[in-house]
Amino acid sequence: MANRSGGSLTNRWSVIQKCTNKFCAAVAQIESLHPSGATEQDKIERAKIMYRETEKATYNMEHCWCLLRHQPKWQQHVSILSTRRKPHGKRPAMAESTPLGDDTINDNVEVIFERPPGKKAEKERERKRKMAESYDAEFVEALTCMKNDRAAFMSERRQATSKLSERRQATSKLSADRAQLLVEKKMRNDTENRKIDIEIMKMDLAGMNGMQREYFLNLQKEVFEKSRKRFSSPSQSSSFEDV
């Protein structure tokens with residue numbers, strides 16, 4: 001291979017640089033379309049087709065592009081080019097086809113490398129995704145709080161129901177005890193009254209004066225009437241006999 005001069009190498013680098021710039025613009029336009037299911041190699045092949053249709057020439061410097069694309073200086077160069085924007089409604093001027101084997105370059109060629117569109121849309125989708133995740137987290141937190149509140153409410157309700165049941169049982173037991181006391185008291189009173197009635201009926205009225213005899217006679221009649229009414233009821237009769 002013949003040695004080239006510094007000017008020839010510079011000229012050749014300019015050809016590689018500008019053709020690769022155009023190819024980068026084609027790749028960026030393909031990526032902005034977000035083709036579904038397309039691999040990176042598919043996107044490169046589509047960029048080659050776009051380059052060929054636009055430039056009427058084949059881009060055969062893919063090896064140069066592969067070496068340059070990940071270099072920091074080239075990325076900085078691309079970043080500077082990406083700040084240039086075309087006027088609205090106008091199509092960027094495209095360079096005429098330049099023979100890649102020629103060491104000359106057309107100075108009128110204008111290369112416009114546009115920033116790949118779709119980044120804002122991607123950021124918006126990411127923002128919406130994070131917002132949806134935030135809403136989901138808030139919903140789960142609110143649902144958890146509702147479940148915890150319901151569990152606490154049901155626990156308090158069960159405790160209140162248990163206390164009410166215990167209070168009712170205590171009240172019922174107290175009422176039963178009071179009723180039992182009343183029954184026992186009445187039975188004791190009935191027993192005492194019957195003993196008094198028996199003593200009245202046993203009294204001898206012969207040694208009393210007329211007034212005393214009449215008074216106790218009336219008491220005996222009253223006791224007799226009460227006993228006759230009790231005897232008319234089988235339960236009262238059996239109860240009296242037990243005494």
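Colleague: Why is F139 called exposed?

Modeller: F139 has a relative accessibility of 56%. The cut-off for exposed is over 50%, so F139 counts as exposed. This is a predicted model, and the value is computed from it.

Colleague: What makes the nonpolar surface patch with F139?

Modeller: F139, V140, L143 and M146 make it, with about 420 Å². F139 lies in helix α5, residues 119-202.

Colleague: How do you know that α5 spans close to what is expected?

Modeller: α5 has 84 residues.

Colleague: Which residues of α5 are buried?

Modeller: R194, D197 and I200. Take D197: its relative accessible area is 11%. Buried means under 20%, so D197 is buried.

Colleague: What makes D197 and K226 a salt bridge?

Modeller: Their closest N and O atoms are 3.6 Å apart. The limit is within 4 Å, so the pair qualifies. D197 lies in α5 and K226 in α6 (residues 210-231), so the bridge ties together parts 29 residues apart in sequence.

Colleague: Why is K226 called partly exposed?

Modeller: K226 has a relative accessible area of 37%. That falls between the 20% and 50% cut-offs, so K226 is partly exposed.

Colleague: How many salt bridges does the structure hold?

Modeller: Nine. One of them joins E55 and K22, with the closest N and O atoms 3.3 Å apart. E55 lies in α2 and K22 in α1, so this pair ties together parts 33 residues apart in sequence. E55 and K22 are both buried.

Colleague: What makes E62 and K48 a salt bridge?

Modeller: The closest N and O atoms are 2.4 Å apart. That is within 4 Å, so E62 and K48 count as a salt bridge. E62 lies in α3 and K48 in α2, so the pair ties together parts 14 residues apart in sequence. E62 is buried, as is K48. Shared partners join E45, K48 and E62 into one network.

Colleague: Which residues have the most contacts inside the largest nonpolar core?

Modeller: F23, A47, Y59, M61 and W65, in a core of 18 residues. α1 (6-32), α2 (40-55), α3 (62-68) and α4 (72-82) each supply at least two residues. α1 gives the most, with eight.

Colleague: What does Y59 touch?

Modeller: C19, T20, F23, Y51 and W65, leaving out residues up to four places away in sequence.

Conventions:
Residues numbered from 1 in each chain as written. Predicted model: local features only at pLDDT ≥ 70, side-chain atom pairs only at ≥ 80, totals over all residues. Heavy atoms only, no water. Patch = residues over 30% accessible without salt bridge, like charges linked within 9 Å, V, L, I, M, F, W, Y side chains within 5 Å. Areas by Shrake-Rupley, 256 points an atom, 1.4 Å probe, with all protein chains shown as cover. Salt bridge = Lys/Arg side-chain N within 4 Å of Asp/Glu carboxyl O. Helix = DSSP H or I, 4+ residues; strand = E, 2+ residues; numbered from the N terminus. Buried < 20%, exposed > 50% of the residue type's maximum accessible area, 1.4 Å probe, protein only. Core = buried A, V, L, I, M, F, W, Y, C linked by side-chain atoms within 4.5 Å. Contact = heavy atoms within 4.5 Å. Expected span 1.5 Å × (residues − 1).
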